[in-house]
Amino acid sequence: MASQKEIQAMRLAIALSARGLGTTSPNPPVGCVILDAAGAIVGTGYHERKGESHAEVHALAAAGERARGGTAVVTLEPCNHVGRTPACRQALLHAGVARVVIALIDPTSRGEGGAAVLRAAGVDVEVGVLAQEAWLVLGDSLTTLSTGRPVVTLVRRLDGSSVSEADVRKLRLGFDAVLYPDGQVEEAAADSHGRDILHLPAEPLLGDPTDALKALYAGGVRFVLLVGGSALADRCLAGELVDRVVAFGADDDQGPRWFDAFGLAGFDITRIAREGGGLRVEWRRATEG
Ligand SMILES: [Zn+2]
């Protein structure tokens with residue numbers, strides 16, 4: 001059983017992990033908190049970019065010697081592979097943590113990931129702590145591992161008018177790339193992923209939308225903001241390639257003009273909020289787990 005302090009630390013780790021949304025792709029956004037042997041927070045960290053340190057390494061560096069005999073609380077199973085950076089399970093063992101608390105198992109580890117290795121080395125490992133809450137940040141990234149295409153969020157106006165640059169600006173920081181009505185793609189926040197991480201097509205994506213999304217995935221993109229009001233967006237909707245919809249409506253707008261926006265078949269509304277002088281409505285595909 002996770003202690004109250006560990007649960008609190010996991011919530012902090014989840015919040016920290018969200019700071020990596022829109023910059024870690026193709027890696028997942030992960031957060032980590034280190035508690036010392038007495039349960040006090042001695043280090044925090046999150047993964048920011050592929051090729052840079054993982055969350056555990058940042059948090060362990062902050063904790064230093066105080067990690068010894070303590071607990072690492074991490075939103076995703078620590079990695080067991082040596083890639084551009086050393087494996088995190090090795091860093092955890094080297095730091096001498098006695099216990100590792102994990103929210104979600106890495107679906108690519110097939111039982112041979114960091115959790116198994118840590119257990120074999122005598123570390124107390126607990127899995128599944130606040131898994132649903134951690135999924136709020138990690139879920140989309142992990143889902144793309146099996147779909148092989150980015151999660152697509154369509155942004156539109158409730159009254160069917162053109163999406164403004166201001167609408168895009170409200171959302172873009174949480175995305176890897178923006179796909180415009182003319183098929184052009186750009187990094188959602190310039191240079192946020194680091195050098196040579198995202199490989200975006202130079203030519204506009206105007207062909208088959210399934211192929212277009214596969215090409216984006218191959219280029220490292222996991223979260224796409226699709227600007228609505230275009231033939232391309234309509235083709236993505238018709239092809240059931242849109243996972244989320246966000247629509248904005250002005251406060252002085254009249255309801256009847258919004259009617260068409262609510263004819264979105266196959267989607268459930270997940271959030272309605274008054275925001276920034278208007279209404280924001282969010283949908284997600286109903287068949288999504
Ligand atoms: Zn790692």
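A250 sits opposite G278, a residue of strand 12. Strand 12 (residues 278-285) is antiparallel to strand 10 (residues 244-250), and seven bridges join the two. Keep in mind that this is a predicted model. Below is a short tour of the sheet and of the nonpolar cores.

- Seven strands form an open sheet in the order 8-7-9-6-10-12-11, and their pairing is mixed.
- Strand 8 (185-187) and strand 11 (267-274) are the edge strands; each has a single partner strand, so one side of each has no neighbour in the sheet.
- From one strand to the next, the twist averages 20°.

**The nonpolar cores**
- The largest nonpolar core has 41 residues, and those with the most contacts inside it include M10, C32, V74 and V100.
- Among the elements that give two or more residues to this core are helix 1 (4-17), strand 1 (31-35), strand 3 (71-76) and helix 5 (131-147).
- A second core of 35 residues is separate, and V163, A177, A212 and V245 are among its members.
- V73 touches, among others, E6, M10, C32 and V101, leaving out residues up to four places away in sequence.

**A closer look at V100**
- You will find V100 in strand 4 (residues 99-104).
- Beyond neighbours within four places in sequence, V100 is in contact with A72, V74, P78, L92, L118, V123 and V125.
- L205 lies 105 residues from V100 in sequence and 44 Å from V100 in space, C-alpha to C-alpha.

How values were computed:
Residues numbered from 1 in each chain as written. Predicted model: local features only at pLDDT ≥ 70, side-chain atom pairs only at ≥ 80, totals over all residues. Helix = DSSP H or I, 4+ residues; strand = E, 2+ residues; numbered from the N terminus. Contact = placed C-beta atoms within 7 Å. Core = buried A, V, L, I, M, F, W, Y, C linked by C-beta atoms within 7 Å. Buried ≥ 20, exposed ≤ 12 C-beta atoms within 10 Å, placed from the backbone. Pairing = 2+ DSSP bridges. Axes fitted to C-alpha atoms, helices over the stretch in contact; angles between N-to-C directions.
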